Amino acid sequence: MKKNREIIGIIGYGNMGSVIGKKLCQKYQVLIFDKDNRKSENTSNVKAAQNINELITGAGVVILAVKPQDFDTVLREIKKDIDKKLIISIAAGIPTTSVEKILGKIRTIRVMPNLLIRIGRGITGLCKGKFATNKDLNFARKIFDLLGTTIILKENMMDADTAFLGSGPGFHFDLLSNVNKKDWHDFTQNKFIPQCAASGEQLGFSKQQAKLLAKLMAEGDLALLEQSHESPETLCSQVTSKGGTTEAGLKELKKNVKFLPKAAKAAYKRAKELSR
C-alpha cells in the first residue's frame, strides 16, 4: 500500500495537468479527475477518479490544475474533505491567501510552471502559503524538479515570475517567427537572451539570476521547437490565452520588437491585474 503522501491527485487534466501527471506517474501513484470525462479516457499509468470526492479521499497531495475561472467553484467543492491535505495550486494569478480564505488553515503551495515542462526543461517558481511548512515546500519542489528547474520565491515575486518565465517563451516564439530558421540560434544567443535577462532584472530578479534563467529558458525554447516539430507560431499560441499576460506583452512587442523589457512590463502589469 502506498503511503498517503505518495498518492498525488490532480484536479484538471488539460495541457498542464496532463503533462505533470504523465511525468509524476513514473515515481508516484497518480489519481486524476477532470469535469470533461474525455480528458481522462485512454490514460495509461494514472488512475481516473469517478468524482472529486473520490480523488480527495484517496490522495494525500492535491494539485489544482483547473482554469482560474473554475477555481473558486472547485475549492468550495473540496472544502469539506480537504483537512490535512497538502494543496499545490498552479492557477496563474491566484495567491495562497485566496485559497486559504475559502479552505481555511490549509497547507498551500503556489507553483508557476512554464510550457517547457513538456520536455522536462520547465522553469517553475514556487512559494508557500501561511500554513505550509518548509517540508511541504521541499516536497513540492521535489515533484517539480522532475519537470525541470525549480526556484523558490517570495510570493510577491510570483507575478514577476509569470511575466518573465511564464510569458517569456511566448515572446521568444513570436520573435523567432520573423527570423529565418537557420538564424534561430544566433538570434537567441545574441539578441533574445540579453534582452530577456534585462526584462527579468527589471522585474526584480538579481542580475545573475535573470541572466541564468533567461539562458535556461531560451535554450529550452529551442529544444522544444526541435523536439516537437511545431512552428514558433503554434507554440506561441499555446502560451497565449485570451486576456492573459502573454497576450498583453505581445501587443507591446508588436509595436517595437527591440523593446522586450517593455513587453515583460506589460505582462507583469496584466499579471497584477489578474491577481486577486
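**Stop one: a parallel pair**

Start by selecting residues 86–89 and 107–112: these are strands S5 and S6, which run parallel and are joined by 4 bridges. Keep in mind as you look around that this is a predicted model. Now pick out Ser89 and look across to S6, where Arg110 stands opposite.

**Stop two: the whole sheet**

Zoom out and colour the strands. You'll find 8 of them in an open sheet, ordered S3-S2-S1-S4-S5-S6-S7-S8, with mixed pairing. Which strands sit at the edges? Select 47–48 for S3 and 148–152 for S8; each of these pairs on one side only.

**Stop three: helices across the sheet**

Next, select residues 15–24. This is helix H1, lying across S1 (7–11), S2 (29–33) and S4 (61–64), and it runs at about 165 degrees to S1. Then jump to 134–145, helix H5, which lies across S1, S4, S5, S6, S7 (122–128) and S8. Against S8, H5 runs at about 160 degrees.

**Stop four: a helix pair**

Finish with H11 (residues 245–255) and H12 (residues 260–274), which pack with their axes 7 Å apart at an angle of about 150 degrees. That angle is over 145 degrees, so the two helices count as roughly antiparallel. Their crossing is right-handed. To see the contact, show side chains on H11 for Thr245, Ala248, Gly249, Glu252 and Leu253. Colour the contact by class and you get 8 nonpolar, 2 polar and 3 charged residues.

Key
Residues are numbered from 1 along each chain as its sequence is written. This is a predicted model: local features need pLDDT of at least 70, side-chain atom pairs count only at pLDDT 80 or more; totals for chains, interfaces and linings use all residues. Side-chain values use heavy atoms; hydrogens and water are left out. Two strands pair if DSSP finds at least two bridges between them. Contact means heavy atoms within 4.5 Å. Axes are lines fitted to C-alpha atoms, for helices over the stretch in contact, and angles run from 0 to 180 degrees between N-to-C directions. Angles under 35 degrees count as roughly parallel, over 145 as roughly antiparallel, 65 to 115 as roughly perpendicular and the rest as oblique. A crossing is left-handed if the near helix is turned anticlockwise from the far one by less than a right angle, and right-handed if clockwise. Ala, Val, Leu, Ile, Met, Phe, Trp, Tyr, Cys and Pro count as nonpolar, Asp, Glu, Lys and Arg as charged, and the others, Gly among them, as polar.
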